Amino acid sequence: MPAPIRLRELIRTIRTARTQAEEREMIQKECAAIRSSFREEDNTYRCRNVAKLLYMHMLGYPAHFGQLECLKLIASQKFTDKRIGYLGAMLLLDERQDVHLLMTNCIKNDLNHSTQYVQAWLSAPWAAWAHQRCAETWLGGGGETAENLKLLPEKKGSSVCRPRDQEGARVDGDVPPSHQKPAQREETTVNCLELQWKEILGLNKGRSGSVLHTSVVLLMLSHFRKLVPQLVRILKNLIMSGYSPEHDVSGISDPFLQVRILRLLRILGRSDDDSSEAMNDILAQVATNTETSKNVGNAILYETVLTIMDIKSESGLRVLAINILGRFLLNNDKNIRYVALTSLLKTVQTDHNAVQRHRSTIVDCLKDLDVSIKRRAMELSFALVNGNNIRGMMKELLYFLDSCDPDFKADCASGVFHAAEKYAPSKRWHIDTIMRVLTTAGSYVRDDSVPNLIQLITNSVEMHAYTVQRLYKALLDDISQQPLVQVSSWCIGEYGDLLVSGQCEEEEPIQVTEDEVLDVLEGLLVSNMSSPVTRGYSLTAIMKLSTRFSSINRIKKYDHMRPALLERMPIMEKTATNGPTEIVQTNGEAEPSSLESKTLPPVTQPTSQANDLLDLLGGNDVVPVIQTAPPHKACLCWRRTAGPTGRSLSIRWADPCSSPARVHPHSPAFLLDGPPLTAPLQ
Amino acid sequence: MQFMLLFSRQGKLRLQKWYVPLSDKEKKKVTRELVQTVLARKPKMCSFLEWRDLKVIYKRYASLYFCCAIEAQENELITLEIIHRYVELLDKYFGSQVCELDIIFNFEKAYFILDEFLLGGEAQETSKKNVLKAIEQADLLQEPRHEYFNVPVY
């Protein structure tokens, strides 16, 4: 059999494939060759084949048949083989494969290998598997592995012991309780760490940064609070120490280690007063001395701020932290602005006053181009609104609502309503704000806000005339925004008499006649833009006006339809999906025809006969139900809660069968097909 | 760090390093979703995005996107530095002006370098020199297949 092609050749060949199919073909051919090569137990080219397999795996093709081969490679004496073998094992295996169990022996042997680089190498696969349950197997099966770990630091140089310890602690940490022997675990970890510390403290200036680094990573235990002073000293040395080119990033010495130490200090000082006090100075020092011209400096400052926020720091320090965040907000780099806004959001609850000082900068961020920044700024602005700044903030927020993306409008609108409800300085201002939201972002307002708004309006008794007038004017301008239309028609229905009477204290009263009002409401009913819910609202409004308006003649002209509408209901048959659907078909003759003729459906009756209707429907049990959600299934139902015959009289508008063009866009397509209707009734 | 992905502008994966245990299927799903999300971002947008319950940091270097997922309490800005340090290491190793092709044809080397630098998702060696030295030594340990050193090993 000819030598298998080299990895490079394979990669080059696959890259020349022009289509997915071509690539798949090439891969399959190569896989077949590799498989037969594996079967032949070819030692020379095994690592080449596995390397090729790994490439194909990265492209997304199955490579499980190579797992056992990885094991063989690991067991080989050649360094090249081992390297690729371990890489393959890391990429191809997970805890579900039993193959990894077979590797335990290999790893144990390699741990004692003469070359330190082999051992150092093992740290990576060890790390890869440490999280997984195989760690449990290994430790459960052999306390020996843990023993090996313990012994290593004593034997080898620092480049090896650090990964060992890191992974040792991590492995110990991850073993589930059933396999843990807590004392042993503690002991192992503590032993490793103490050995580390001895080395660090013995070393001059702690220059073996990596050892420091790893030890710091390990010290995530609250036991080690007593080490806080030493950590503080190390950090101080790091900042003060001279230039070390290999650890340096843009003039800052070993930022990774600095950030790690700060993170550790954060964990250690979290709910501990003493530790926090010990850290105050160094935190202030780092915060003031770090260069902020590059991202690195800002990264360290950010970590410092997070630490200050989390520990029990003194108030001066906290103010310093928030000022740093405020400075971040003015930075040109949008990443930093984003990070600042996120952190401020987290601290606004606890340090409200300090954050308030940066309010204007935050509000400016609303105008930023980046979407994530805008969202954060919006959330933060809402958090900062209070009784004092409500007017100013609301102006900015409403301006933002005007110009923001549609994704934001719903959240912004609810935020505005919420804030207005809590802090409104006057009722008129409140109503004005609501009007503004409804007119600018009316279609994005949440469904439940309509009833809330209505309730709000009813509560402000003295504003009724003003409200209804403004809503009426808004309605004249634009009837496409459903929530606005719904609220307006409800108000007109309730307070139409105030509208017509021309009394308004807050602003110039307008002259409106009853006919004009009814025209508008009728217009809503027949408009293509109105959803079924909206039509329900306007219908109810018209009905109510029949009691409030004096010119009932207009309404009376539909009297002739009353008998037809209110005649005995036909027998309802229960269908599999829903019963009442049938009603629409059978007694719907009166309605579709009336809709098609574009006249007002006959549902209003004069006040004097309202009682008759109530009697017919069973008296006080009648509850008008106007459904607001989901809008596409709206029907105006007068439903008896209990009555002699137990029937429900259902008057459905916008019967989908007859007027498909008027169905709300959300309704499923099959609704537009002819009968039988299979849509569920709400 | 939970995982690091490298992918091209066309969405082809060049390197994937997972520091959390996930099944193969889940990995594929996560990769696909994340690649789509990151590629959809406009150039002027922020390098951070929130995805599921993780923070995703991404940075584009020439035709390659470097994408890391970190947990909520980790520092995003230092992750950017970690990404940059890795790129610098690759640059030094591949003899300046490293490009995507270098990573495609020498993906195993890219993995080796990453494993020298990051361990279990954390930076384990903060000195550039030491990382490169370690890789160099390891390379020397590799048995040459051919008397001419220019020929690739596999």
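Colleague: Is A:Arg436 buried, partly exposed or exposed?

Modeller: Bear in mind that this is a predicted model. The relative accessible area of A:Arg436 is 32%. Buried would need under 20% and exposed over 50%, so A:Arg436 is partly exposed.

Colleague: Which residue does the side chain of A:Arg436 meet in a salt bridge?

Modeller: Side chains of opposite charge can pair when their charged atoms come close. Here the N to O distance is 3.2 Å, and a salt bridge requires a distance within 4 Å. The partner of A:Arg436 is A:Asp402.

Colleague: How many residues apart in sequence are the parts that this pair, A:Asp402 and A:Arg436, ties together?

Modeller: A:Asp402 lies in helix H22 (residues 390-403) of chain A, and A:Arg436 lies in helix H24 of chain A. A:Asp402 is partly exposed, at a relative accessible area of 37%. The pair ties together parts whose separation in sequence is 34 residues.

Colleague: Where is A:Arg446, the salt-bridge partner of A:Asp411?

Modeller: The side chains of A:Asp411 and A:Arg446 meet at 2.8 Å, N to O. A:Asp411 lies in helix H23 (residues 406-423) of chain A, and the two residues tie together parts that are 35 residues apart in sequence. A:Arg446 is in the loop between H24 and helix H25 (449-459) of chain A.

Colleague: Is A:His430 buried or exposed?

Modeller: A:His430 has its place in helix H24 (residues 427-441) of chain A. Leaving out residues up to four places away in sequence, A:His430 touches A:Ala420, A:Glu421, A:Ala424 and A:Leu456. Its relative accessibility is 10%, and the limit for buried is under 20%, so A:His430 counts as buried.

Colleague: Which residue's backbone oxygen does the side chain of A:His464 reach?

Modeller: A:His464 lies in helix H26 (residues 464-477) of chain A and is buried, with a relative accessible area of 11%. Not counting residues up to four places away in sequence, A:His464 touches A:Ile457, A:Thr458, A:Tyr495 and A:Leu498. The backbone oxygen reached, at 3.1 Å, belongs to A:Ile457.

Colleague: Why are A:Glu379 and A:Arg376 separated by about one helical turn?

Modeller: Their side chains meet in a salt bridge at 3.9 Å, N to O. A:Glu379 is partly exposed, with a relative accessible area of 32%, whereas A:Arg376 is buried at 8%. Both are in helix H21 (residues 371-384) of chain A, and the separation is about one helical turn because they are 3 residues apart.

Colleague: With which residue of chain B does A:Arg376 form a salt bridge?

Modeller: Across the interface of chain A and chain B there are 4 salt bridges. In the one formed by A:Arg376, the closest N and O atoms are 2.5 Å apart. The partner is B:Glu50.

Colleague: Which three residues supply 12% of the area that chain A buries against chain B?

Modeller: In this interface, 72 residues of chain A are in contact with 64 residues of chain B. The two chains bury about 6,300 Å² between them, 57% of it on carbon and sulfur atoms. The three residues, which supply more of chain A's buried area than any other three, are A:Met58, A:Arg83 and A:Phe256.

Terms used: Residues are numbered from 1 along each chain as its sequence is written. Chains are lettered from A and ligands numbered from 1 in the order in which they are written. This is a predicted model: local features need pLDDT of at least 70, side-chain atom pairs count only at pLDDT 80 or more; totals for chains, interfaces and linings use all residues. Side-chain values use heavy atoms; hydrogens and water are left out. Contact means heavy atoms within 4.5 Å. Buried area is the accessible area (1.4 Å probe) that two parts lose on being put together, summed over both. Helices (H or I, at least four residues) and strands (E, at least two) are DSSP runs, numbered from the N terminus. Buried means under 20% relative accessible area, exposed over 50%, partly exposed in between (1.4 Å probe, protein chains only). A polar contact is a pair of N or O atoms within 3.5 Å; within protein, one must be able to donate a hydrogen and the other to accept it, and residues adjacent in sequence count only if both atoms are side-chain atoms.
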